[in-house]
Amino acid sequence: MDIEHIYFHFPFCSTVCPYCGFYATRGERQEITLLVDALLKEIEIQANQFRLNPKTLFVGGGTPSIAKPDEIDRLLSAISKQYVKEITIEANPRTVTLEKAARWKQSGINRVSLGVQSMNEKELLILGRRHKPSDVIESVNKLREVGIENINFDFIFGIPGQSVESLKRTLQLGLDLGPKHVSLYGLTYEEGTPFYEDMKKGKYIPDERKEIEMLNFAVQLLADHGFIRYEISNFALPGYQCLHNLAYWKGKDYLGIGPAAFSTVGNRRWCNVADHTRYVEELQKKRLPVASMEILDEELKRKEKIFLALRTAEGLPLSQCSEKEKKNIEWLIKEGFGQIEGSRFILNFRGFLVADSISVYFI
């Protein structure tokens with residue numbers, strides 16, 4: 001079986017942000033070296049089970065940009081890039097150097113996702129971010145100097161103390177730098193994070209009405225600058241949609257390499273151990289570090305595709321829906337959550353706000 005989409009999870013960060021709900025941890029230099037060796041071993045084992053002929057590669061985290069360029073190159077060189085169209089690396093703006101950017105380019109990386117989050121220093125401090133707005137500007141200049149033009153900015157809205165005017169300024173400053181893609185996420189208080197504990201104590205109180213106002217403004221501003229909202233949280237200039245994420249949203253098979261990484265291949269879904277020490281130990285013993293495995297039946301896969309399709313601008317093909325689901329769609333249209341365009345049901349702005357709740361009607 002061919003694997004066309006591969007994700008590497010690099011869990012290490014210089015500091016772990018207090019809002020982050022992903023598996024991330026601080027790592028010493030020796031731990032990073034051991035992890036890279038283990039990632040390569042996992043690739044080797046998986047290559048004996050599947051044909052690794054990816055169209056997209058995504059190096060995420062964590063903060064993979066703290067790794068040495070040689071380490072990133074070793075990972076990417078371990079897999080054939082004959083058919084690759086897109087290779088993305090996530091980066092903290094503070095960690096981007098001209099040398100790293102040049103080496104990334106040589107390794108085949110043609111897309112960089114910068115964790116900007118805000119262009120306001122006070123908001124960055126609240127989020128536990130160590131970079132400054134000036135680092136974003138410098139990073140973009142360095143990436144462009146080596147010929148990497150496909151740059152994504154991650155932004156967060158709903159930051160404690162953030163005003164609508166502050167978000168406007170962040171977005172405008174960001175757009176002035178000319179990114180090709182923007183990911184815009186509402187701050188969530190994930191259980192187990194310091195932010196979640198602060199919310200329970202009443203230190204942070206989410207304001208849903210203000211967040212909707214922020215999102216409404218942001219969607220309009222991005223549209224005015226030519227960005228297409230092709231998924232609930234993702235906006236791109238024409239031709240710059242993230243091919244890797246599109247594969248997820250279309251329900252394509254993908255292989256996750258690294259601690260806590262998920263994979264879905266055929267009717268199997270599995271997750272690696274969310275512990276980099278155990279991950280390394282298992283692979284040193286030449287064992288796959290799988291923590292859990294699930295067998296997916298066809299009906300579950302069909303419903304998951306519906307859930308993912310509802311998050312996209314392409315919407316849900318009516319041909320995939322049962323008669324009961326089509327009646328649910330009629331009700332959703334009547335209630336003003338979406339419309340039929342051609343042979344697809346597509347959520348509107350109001351529908352996107354409650355997409356997770358709407359998906360319950362189809363699962």
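**Charges, rings and the rest**

A: The charged end of K168 sits over the ring of F217, 5.0 Å from its centre. A charge sits over a ring if NZ of Lys or CZ of Arg is within 6 Å of the ring centre and within 35 degrees of the ring normal. This is a predicted model: local features need pLDDT of at least 70, side-chain atom pairs count only at pLDDT 80 or more, and totals for chains, interfaces and linings use all residues. Residues are numbered from 1 along each chain as its sequence is written, and side-chain values use heavy atoms, leaving out hydrogens and water.

Q: Which ring does the charged end of R350 sit over?

A: That of F337, with 4.2 Å to the ring centre.

Q: How many aromatic pairs are there in the whole structure?

A: A search finds 11. One of them is F195 with Y204, a tilted pair with 4.9 Å centre to centre and 55 degrees between the planes. Rings of Phe, Tyr and Trp (its six-membered ring) pair if their centres lie within 6.5 Å; planes under 30 degrees apart count as stacked, over 60 as edge-to-face and the rest as tilted.

Q: Is F195 buried or exposed?

A: F195 is buried, at 2% relative accessibility. Y204 is buried too, at 11%. Buried means under 20% relative accessible area, exposed over 50%, and partly exposed in between (1.4 Å probe, protein chains only). Y19, Y189, F195 and Y204 form one aromatic cluster.

Q: New topic. What are the buried residues of helix α10?

A: In α10, residues 276–284, they are H276, Y279, V280 and L283. Seen down the helix axis, they fall within an arc of 95 degrees, so they line one face of α10. The arc is that of the directions from the helix axis to the C-beta atoms. As background, an α-helix has 3.6 residues a turn, so residues three or four places apart point the same way.

Q: What covers the buried residues of α10?

A: The cover includes β2 (12–13), β3 (25–26), α1 (29–47), β11 (255–257) and β13 (268–272). Helices (H or I, at least four residues) and strands (E, at least two) are DSSP runs, numbered from the N terminus.

Q: Which residue caps the N-terminal end of α10?

A: D275, with a side-chain oxygen 2.9 Å from the backbone nitrogen of T277. Just after the helix, K286 takes a positive phi of about 65 degrees.

Q: Back to β13. Where does the side chain of N272 reach?

A: N272 is in β13 and buried at 1% relative accessibility. Its side chain reaches the backbone oxygen of G258 at 2.9 Å, and a polar contact of 3.0 Å joins the side chains of N272 and E42. A polar contact is a pair of N or O atoms within 3.5 Å; within protein, one must be able to donate a hydrogen and the other to accept it, and residues adjacent in sequence count only if both atoms are side-chain atoms. Among the residues that N272 touches is Y279, one of the buried residues of α10. Contact means heavy atoms within 4.5 Å.

Q: And the whole chain, how many helices and strands?

A: The protein chain has 14 helices and 17 strands. Of its 363 residues, 51% count as buried.
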